[in-house]
Amino acid sequence: MPDPKGQPLHASSSEAVTNNVRVEVESQYAPARSQPLRCEWSFDYTVRITNEGDETIQLLSRHWIIADATGEAQEVRGSGVVGEQPVLAPGETFQYTSYCSLKTSTGVMRGTYHMVADGGDHFDVEIAPFALHEPYTVH
């Protein structure tokens with residue numbers, strides 16, 4: 001079943017552009033950190049943020065909504081990403097990898113980054129929904 005953006009929910013990647021900021025995400029099951037017999041599934045996700053605008057911007061904070069297969073959602077808010085508040089000049093890209101854990105073998109993540117431009121304008125950038133799923137789960 002496709003989500004409102006037209007991407008199938010089983011897609012382990014997503015892409016969105018908001019205010020000339022492109023956010024691309026790819027997720028992958030992390031078997032080394034997972035313990036399915038304890039209902040613990042871990043997923044890595046790599047985010048690539050590209051400033052396609054004319055102004056230097058800085059990522060100030062993140063807001064993630066992570067839902068498992070039962071619909072139980074957790075929200076994660078915090079300053080920056082992976083301990084950084086990256087500054088991106090026009091044309092620059094910042095990439096990082098992080099992870100999350102679920103109580104089910106599938107789930108969906110989405111969210112926003114709160115940014116500030118050199119001119120002082122604050123704005124949110126969409127992180128389009130992407131699926132988390134271990135490779136042997138039937139969808």
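How many disulfides does a search of the whole structure find? The count is zero, where a disulfide would be a pair of cysteine sulfur atoms within 2.5 Å.

## What you are looking at

This is a predicted model: local features need pLDDT of at least 70, side-chain atom pairs count only at pLDDT 80 or more, and totals for chains, interfaces and linings use all residues. Residues are numbered from 1 along each chain as its sequence is written, and side-chain values use heavy atoms, with hydrogens and water left out.

The predictor's confidence in each residue is its pLDDT, on a scale from 0 to 100. Across the protein chain this averages 92, and 90% of the residues score at least 70. Where pLDDT is low, the predicted coordinates should not be read in detail.

## Overall build

The protein chain has nine strands and zero helices. Both come from DSSP runs numbered from the N terminus: helices are H or I with at least four residues, strands are E with at least two. Buried residues account for 41% of the 139 residues in the protein chain. Here buried means under 20% relative accessible area, exposed means over 50%, and partly exposed is in between, using a 1.4 Å probe and protein chains only.

Now for how the chain meets itself. Take the contacts between residues at least 6 apart in sequence: 62% of them join residues at least 24 apart.

## Cysteines

Back to the opening point. A disulfide is a covalent bond between the sulfur atoms of two cysteines. Cys39 is partly exposed at 41% relative accessibility, while Cys100 is buried at 7%.

## Aromatic rings

There are six aromatic pairs in the structure. Rings of Phe, Tyr and Trp (its six-membered ring) pair if their centres lie within 6.5 Å; planes under 30 degrees apart count as stacked, over 60 as edge-to-face and the rest as tilted. One of the pairs is Trp64 with Phe130, edge-to-face, at 6.1 Å centre to centre and 90° between the planes. This pair links distant parts of the chain, with Trp64 in strand β4 (residues 57-68) and Phe130 in strand β9 (residues 122-133), 66 residues apart. Trp64 is buried at 2% relative accessibility, and Phe130 is buried at 1%.

Phe94 and Tyr96 make a tilted pair, because their planes sit at 35° with the ring centres 6.1 Å apart. Both of these residues, Phe94 and Tyr96, are buried. There is also an aromatic cluster made up of Tyr45, Trp64, Tyr113 and Phe130.

## Charged side chains

Side chains of opposite charge can pair when their charged atoms come close. The model has six salt bridges, each a side-chain nitrogen of Lys or Arg within 4 Å of a carboxyl oxygen of Asp or Glu. Glu15 pairs with Arg22, with the closest N and O atoms 2.3 Å apart. Glu15 is partly exposed at 38%, as is Arg22 at 23%. Glu15 and Arg22 also belong to a salt-bridge network with Glu52.

Glu24 and Arg48 form another salt bridge, at 3.8 Å from N to O. Glu24 lies in strand β2 (residues 21-29) and Arg48 in strand β3 (residues 41-51), so this bridge ties together parts that are 24 residues apart in sequence. Then there is Asp44 with Arg33, whose closest N and O atoms are 2.2 Å apart. Asp44 is in strand β3 and Arg33 in the loop between β2 and β3, 11 residues apart.

## A look at Thr50

Thr50 is in strand β3 and is buried, with a relative accessible area of 13%. Leaving aside neighbours within four places in sequence, Thr50 is in contact with Asn20, Val21, Arg22, Glu24, Glu92 and Thr93. Thr50 and Asn20 are 30 residues apart in sequence, yet 8.4 Å apart in space, C-alpha to C-alpha.

Methods
Contact means heavy atoms within 4.5 Å.
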